[in-house]
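This report describes the architecture of a single protein chain. Please view the sequence and the model together while reading.

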Amino acid sequence: MTDHVPAVLEASDCSADAALKLVSDTHSVLHRPLTDPKKRPFVKNAILARISLQDLAAIGECLEPIVLKERMVLQEPKRQVEHVYFIETGLVSLRVVAAGSMLETAVIGHRGVVGASFLWGGHLSTHQAVVLFPGSAHRIRVEDFRRVIKERPELRERLFQYVQALTFQCVQTGLCGVRHDREQRLASWLCLASDAVDARVLPVTHDYLSCVLGLRRAGVTETLIRFEEQGLIRKMRGLLQIDDRESLEQKACCCYKLVSSAYASSRSDVSVKEPVG
């Protein structure tokens, strides 16, 4: 099904070889004995970066590096979840697919994971997960991860907090699609994607934005031209650069701040708010 979805151009500084070296280097560090209990190995994934050194060492034994290539399908709906992916770089699009149509419900970058739905007791995926921007990740087999989180309850709790925020984003996205206008939704998506990859240059096309947001391409182009005239963004071939982030956030609907707050809460052990229209 992903063949029918317009692709984005691959980022020039994220070749497969470079991504593999980066994640492999991190992977080798995770497997080393903790000779200095005060010194953490570097990982970009926000969940792995926040867990205890003991939990990191326990899960590190089962992690394997993987390069995320554009359009790679990490999970399909109604299929058994085999791996959990801790994203290091790049961006993954989480989608609901039905009757030949697709709606993106969330984007997942370095602060999250793909495939954690098994925590709710299900064995089958409810979403399709497709790599939007290429990058790298650490993955672990579900059966290994079940064992690790059973032995490490703090790690399980940390993951539950993230999944709660992700679920909030999925629900809020559905409300956003029927409550907010094109300009608000586009601004919100750009801000969320920028946060997810921790960058202001996004390799995304008008076609893709039109597809995932369910908007007419002409309307997307018109809105992006207006954003550019206002100095908020700059469009290049296959790329979009955010120049005035503060003003772009002001254009976004309330969903952006609510979703951002949900992820911030998951990192600070504060409860997530109810979805708001």
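The sections below cover the chain as a whole, a sheet, a pair of helices and a loop residue.

## Overall composition

The model is predicted. Its protein chain contains 10 helices and nine strands. Of the 277 residues in the chain, 51% count as buried.

Among contacts in the protein chain with a separation of 6 or more, 75% are between residues 24 or more positions apart.

## The sheet of S7, S9 and S8

Three strands form an open sheet in the order S7-S9-S8, and their pairing is antiparallel. Strand S7 (201–202) and strand S8 (233–236) each have a single partner strand and stand at the edges, so one side of each is left without a neighbour in the sheet.

Strand S9 (residues 239–242) pairs with S8 in the antiparallel sense, over four bridges. Within this part of the sheet, lysine 235 has leucine 240 in S9 as its bridge partner. Helix H8 (residues 217–229) lies across S8 and S9; relative to S8, the helix runs at about 120°.

## Packing of H7 against H8

H8 also packs with helix H7 (residues 206–213). Two packed helices are described by the angle between their axes and the distance between the axes. For H7 and H8, the axes come within 9 Å and cross at roughly 120°. H7 is therefore oblique to H8, and the crossing in which H7 passes H8 is right-handed.

Which residues of the two helices meet? On the H7 side they are His206, Asp207, Leu209 and Ser210; on the H8 side they are Arg217, Val220, Thr221 and Leu224.

## Serine 125 in the S5–S6 loop

Serine 125 is located in the loop that lies between strand S5 (113–114) and strand S6 (128–141). Is this residue buried or exposed? Serine 125 counts as buried because its relative accessibility is 3%, and the cut-off for that class is under 20%.

Leaving aside residues up to four places away in sequence, serine 125 touches Gln75, Glu76, Pro77, Lys78, Arg79, Val81 and Ser117.

Notes: Residues numbered from 1 in each chain as written. Predicted model: local features only at pLDDT ≥ 70, side-chain atom pairs only at ≥ 80, totals over all residues. Heavy atoms only, no water. Pairing = 2+ DSSP bridges. Contact = heavy atoms within 4.5 Å. Axes fitted to C-alpha atoms, helices over the stretch in contact; angles between N-to-C directions. Buried < 20%, exposed > 50% of the residue type's maximum accessible area, 1.4 Å probe, protein only. Parallel < 35°, antiparallel > 145°, perpendicular 65-115°, else oblique. Left-handed = near helix turned anticlockwise from the far one by under 90°.
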